[in-house]
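The report below considers a nonpolar surface patch and the aromatic contacts of one model, with the cut-offs given alongside the terms.

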Amino acid sequence: MNRKRLFLYQAVGWTLLIGYDLLSIWLTGKPKLGLGKSLLLQLTFWLSFMSLFYYCYLFVFPQGVQRGRWLVVVLGVLGTPVVFAGTRYLLEELLLPLLFGFRNYTPGTSLLYYLKDNLYFLAPTVVLAGAAVGVRDTLLREKERENRVALQALQQEKRQAELAFLRTQINPHFLYNTLNYLYAEAYLVSEPLAEAVLRLSDLMRYMLHESPDGRIDLEKEVDYVHNFLAIHQLRFEDKFFVQFRQTGAAVAGQRVASLLLIPFVENALKHGVVNRADQPVEISLHLPAPDQLLFEVHNFINQHQKDATTGIGLANIRRRLELLYPNRHNLQIEDDGRQHRIRLTVAL
């Protein structure tokens, strides 16, 4: 339970108690001392009541009962008459006469009588404060229990994610080492085949790259796109029409989140037309300034055969951008059923 909610509960409780008291005054008719004086006396009483309540709520029970300091509890309880009667005396016998010219008790009232007369209110107030502390601690323990359960679930998910990550790392490393061997063997047989293996190896190397902040050189990201397109070029040979233009400031020295651009390229090749010269896939990377990136992909939508490979959905791409570049990116998507266009701007 947070402090704001705890404060709200207490405010509601005090409002109900004071409201009930004021309602009783209104129902019993006109007070003997007059409405103004009666309300002032009720105000001083509630302020005294609150001082005793919070004395027990904030000090006696937390410092004594909860910590097992029973001497503090005994001394604290013995001090309750002083807190309540003392506060009430200051308000009703000193402040009211000074400001309004009247007091609650008649002049000459002995201190002993004054203390005895106020003992009646001590027990209910102490019990109420103890109950409030008990409710508060129960709610706090329940919240802590929920937090522990959530933390355990989070740790379990983290362990599962780490195991899944390790499993995904085993196969790529194995494939990467195998591709190096295949490249050496394929080079003796076919240079195009060896080039395809080499580019695939570069793709694997990039995917295995790690950085402390999850960022990578923009130049390497661009190289990855080029290698990705080159692999597809080998597949389609001379019937692969994809244009990739790069303009603006130099990409050297800039860093982006790894694999930021490739999902858009992959989706364009997956759903677009790549084998028609009059409907090429157009990809452009522009840096208006060293710290600004503009990436655009335009393709005609393939109305017939679809690539069966799985890609990254646009919803996941949007979510990743929100996590990586909050309030620092803008993604626009246009799709009329015939053409698909994305425009991504990122503040590097």
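L16 counts as exposed because its relative accessibility is 58%, where exposed means over 50%, buried under 20% and partly exposed in between (1.4 Å probe, protein chains only). This is a predicted model, in which local features need pLDDT of at least 70 and side-chain atom pairs count only at pLDDT 80 or more, while totals for chains, interfaces and linings use all residues. Residues are numbered from 1 along each chain as its sequence is written, and side-chain values use heavy atoms, without hydrogens and water.

L16 is placed in helix α1, helices being DSSP runs of H or I with at least four residues, numbered from the N terminus. Together with L8, Y9, V12, V135 and L139, L16 forms a nonpolar patch on the surface with about 570 Å² of accessible area. Helix α1 provides the largest share of this patch, four residues.

Ten aromatic pairs are found in the whole structure; ring centres must lie within 6.5 Å, and planes under 30 degrees apart count as stacked, over 60 as edge-to-face and the rest as tilted. Two of the pairs are tabulated here.

| Pair | Centre distance | Plane angle | Class |
|---|---|---|---|
| W46 and F49 | 5.2 Å | 75 degrees | edge-to-face |
| F53 and Y57 | 5.5 Å | 15 degrees | stacked |

W46 and F49 lie three residues apart in helix α2, and F53 and Y57 are four residues apart in helix α2. F53 and Y57 are both buried, and ring pairs link W46 and F49 with F45 and F84 into a cluster. The charged end of R136 sits over the ring of Y57, 4.8 Å from its centre, the criterion being CZ of Arg or NZ of Lys within 6 Å of the ring centre and within 35 degrees of the ring normal.

Definitions and conventions: Patches are made of residues with over 30% relative accessible area and no salt bridge: like charges are joined within 9 Å, nonpolar side chains (Val, Leu, Ile, Met, Phe, Trp, Tyr) within 5 Å. Accessible areas come from the Shrake-Rupley method with a 1.4 Å probe; for residues, only the protein chains shown count as cover. A salt bridge is a side-chain nitrogen of Lys or Arg within 4 Å of a carboxyl oxygen of Asp or Glu. Helices (H or I, at least four residues) and strands (E, at least two) are DSSP runs, numbered from the N terminus. Rings of Phe, Tyr and Trp (its six-membered ring) pair if their centres lie within 6.5 Å; planes under 30 degrees apart count as stacked, over 60 as edge-to-face and the rest as tilted.
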